[in-house]
Amino acid sequence: MTTQDKDLSGRRTRGGGGSAGYAAGAGDHPWRRYVALGDSFTEGVGDPDPRRPGGVRGWADRVAEELGNGRADFAYANLAVRGLLLEQILARQAGPALALEPDLITISAGGNDMVFHGSDPDKLADKLDAGVELLSSSGATLVLFTGPDWRSTPVLGRNRTKVAVFNENIRAIASRHDAVIADLWGLRELRDPRMWDRDRLHLSPLGHHAVAMRVLDALGAPHVLVHPEPAGAPAGLVQGNWRQARAEDLEWARRYLLPWAVRRFHRRAPAVEHTAKRPAADPVNSPGQPVVAMEGQG
């Protein structure tokens with residue numbers, strides 16, 4: 001490992017590696033203000049909870065809950081908004097994120113560009129690199145994500161090569177800017193269809209739980225999360241013969257893929273603009289923003 005760690009005071013120190021955000025073996029963590037940037041993945045879509053700001057929970061809320069456990073001075077903001085492209089995320093969220101003066105930042109961006117717009121992963125990486133450079137100027141610990149492996153998912157699986165190329169770029173960006181990598185491509189749990197919502201694009205509550213564990217483990221932060229035991233029939237998992245599998249794929253295309261394609265062709269704007277569910281850095285149990293409905297993807 002060649003990247004830097006941070007010690008408990010938040011200072012960068014040589015010799016630890018990008019797999020941990022602070023001194024190895026510490027029983028505590030140094031972060032007091034966490035800001036999450038991104039799209040629906042970070043917002044928490046697929047993990048509904050009407051008691052939560054925005055009506056969803058998600059992996060970032062789970063990370064904040066663990067980091068804020070027993071910490072009266074811990075604050076958390078989630079600026080993620082579903083449907084945004086990489087440039088939009090950087091343009092709309094980087095400035096407000098820096099204004100909140102975080103010491104921990106997570107950013108996931110680019111998935112909508114590749115899946116819904118066929119964007120070039122190398123060009124996307126250049127834009128992300130510039131954004132990460134700006135965010136790193138804050139001195140905060142940065143967490144980047146490799147994309148998951150959609151190899152067994154119809155239609156989305158066609159993006160597998162692009163995602164793999166983008167992931168290699170992300171690793172290089174993380175190395176240049178001393179960022180931590182939360183590796184979702186190598187997260188084997190995400191191969192279980194129960195980790196995904198029925199739209200096969202967003203994570204299920206189980207998936208968000210697994211990603212939260214991966215982020216906390218990548219940071220080296222202590223937590224009490226354990227690997228969940230999925231119960232009941234796997235959502236979206238096809239068992240049986242070829243005919244059953246194709247029938248499930250056709251139903252998925254009818255319910256999710258076709259409506260998205262129609263919206264994209266007609267470029268219909270959402271009836272209500274969605275806003276960040278937690279625009280201010282507040283205690284984890286603060287009310288945040290009310291639920292706002294939005295039509296769209298990602």
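Which residues are buried in H5?

1. This is a predicted model. In helix H5, the buried residues are Pro121, Leu124, Ala125, Leu128, Asp129, Gly131, Val132, Leu135 and Ser136. An α-helix has 3.6 residues a turn, so residues three or four places apart point the same way.

2. The length of H5 can be checked. Helix H5 covers residues 121-136, which is 16 residues, and at 1.5 Å a residue these should span 22 Å. The C-alpha atoms at its ends are 22 Å apart, so the two values agree. At the start of H5, the backbone nitrogen of Asp122 has a side-chain oxygen of Asp120 within 2.8 Å.

3. The largest nonpolar core consists of 36 residues, and Tyr34, Trp59, Phe145 and Val211 have the most contacts inside it. Two or more residues each come from strands E3 (33-37), E6 (141-146) and E7 (180-183), and from helices H2 (59-67), H4 (111-117) and H7 (205-219). Helix H7 gives the largest share, eight residues. In soluble globular proteins, nonpolar side chains tend to be buried together.

4. Leaving out residues up to four places away in sequence, Tyr34 touches a list of residues including Trp59, Phe74, Tyr76 and Leu104. There is also a second, separate core of 34 residues, with Met114, Leu135, Ala174 and Ala281 among them.

5. His209 lies in helix H7. Is His209 buried or exposed? Its relative accessible area is 16%, and under 20% counts as buried, so His209 is buried. The His209 side chain reaches the backbone oxygen of Val226 at 2.7 Å. Not counting residues up to four places away in sequence, His209 touches Arg62, Leu225, Val226 and Pro228.

How values were computed
Residues numbered from 1 in each chain as written. Predicted model: local features only at pLDDT ≥ 70, side-chain atom pairs only at ≥ 80, totals over all residues. Heavy atoms only, no water. Core = buried A, V, L, I, M, F, W, Y, C linked by side-chain atoms within 4.5 Å. Buried < 20%, exposed > 50% of the residue type's maximum accessible area, 1.4 Å probe, protein only. Helix = DSSP H or I, 4+ residues; strand = E, 2+ residues; numbered from the N terminus. Contact = heavy atoms within 4.5 Å. Expected span 1.5 Å × (residues − 1). Polar contact = N/O pair within 3.5 Å; in protein donor to acceptor, adjacent residues only side chain to side chain.
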